[in-house]
Amino acid sequence: MDKFDQAIINALRQDARQSVSAIAEQVNLSRSAVAERIKKLEQSGVIRGYQVLLSESQKEGVSAYFEIQHKCPRCADVVHVFQAIPEVITCRGISGDMDLLVYVHAPSMRRLHEIREYIDTHIDIVKIKTHVVMSEWINNQG
């Protein structure tokens, strides 16, 4: 990826619905060059797709981050716990006192509580900190 591909991706992150012509103007390339680059980025898997991202206030349900500390020798040894929960969106290894950051979107606060309780019952889980998402201002995830 060169600077033009990166500029195209940045433009698409700002507004994936903008025209190829508008992107071409922003990155100083021809319309056909931008269209070809976008096609290559899609075919190579750099751009995996386009989606509608709702603000937290428009979503049904509740989202939360769980900070997880476990006693397994490797994070991979405890990931099966989170793979079994369909509401888990992401599970990432992190540095610091906690080992994992798990993002969950549940249909209700009651279900979120059930998920937390389920995680807490596992013998390898030492500590859970829950952070409920109240609002969202920026989301550049794709």
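This is a predicted model: local features need pLDDT of at least 70, side-chain atom pairs count only at pLDDT 80 or more; totals for chains, interfaces and linings use all residues.
The protein contains 5 helices and 4 strands. Read from the N terminus, these elements follow the order α-α-α-β-α-β-β-α-β. The radius of gyration is 20 Å, well over the 14 Å that the globule rule gives for 142 residues, so the protein is more spread out than a compact globule. Along the principal axes, the C-alpha trace extends over about 60 × 35 × 25 Å. Of the 142 residues, 28% are buried. When contacts between residues at least 6 apart in sequence are considered, 64% of them join residues at least 24 apart.

The 4 strands form an open sheet with antiparallel pairing, and their order across the sheet is 2-3-1-4. Strand 2 (88–93) and strand 4 (125–132) are the edge strands, each pairing on one side only. On average, neighbouring strands of the sheet are turned by 20° against each other, direction ignored.

Within the sheet, strand 1 (residues 62–70) pairs with strand 3 (residues 100–106) in the antiparallel sense, over 7 bridges. In this pairing, Ile-68 has Leu-100 of strand 3 as its bridge partner. Helix 5 (residues 109–120) packs on the sheet and touches strand 1, strand 3 and strand 4. The direction of helix 5 makes about 10° with that of strand 1.

Conventions: Residues are numbered from 1 along each chain as its sequence is written. Side-chain values use heavy atoms; hydrogens and water are left out. Two strands pair if DSSP finds at least two bridges between them. Helices (H or I, at least four residues) and strands (E, at least two) are DSSP runs, numbered from the N terminus. Axes are lines fitted to C-alpha atoms, for helices over the stretch in contact, and angles run from 0 to 180 degrees between N-to-C directions. Contact means heavy atoms within 4.5 Å. The radius of gyration is taken over C-alpha atoms; the globule rule is 2.2 Å times the number of residues to the power 0.38. Buried means under 20% relative accessible area, exposed over 50%, partly exposed in between (1.4 Å probe, protein chains only).
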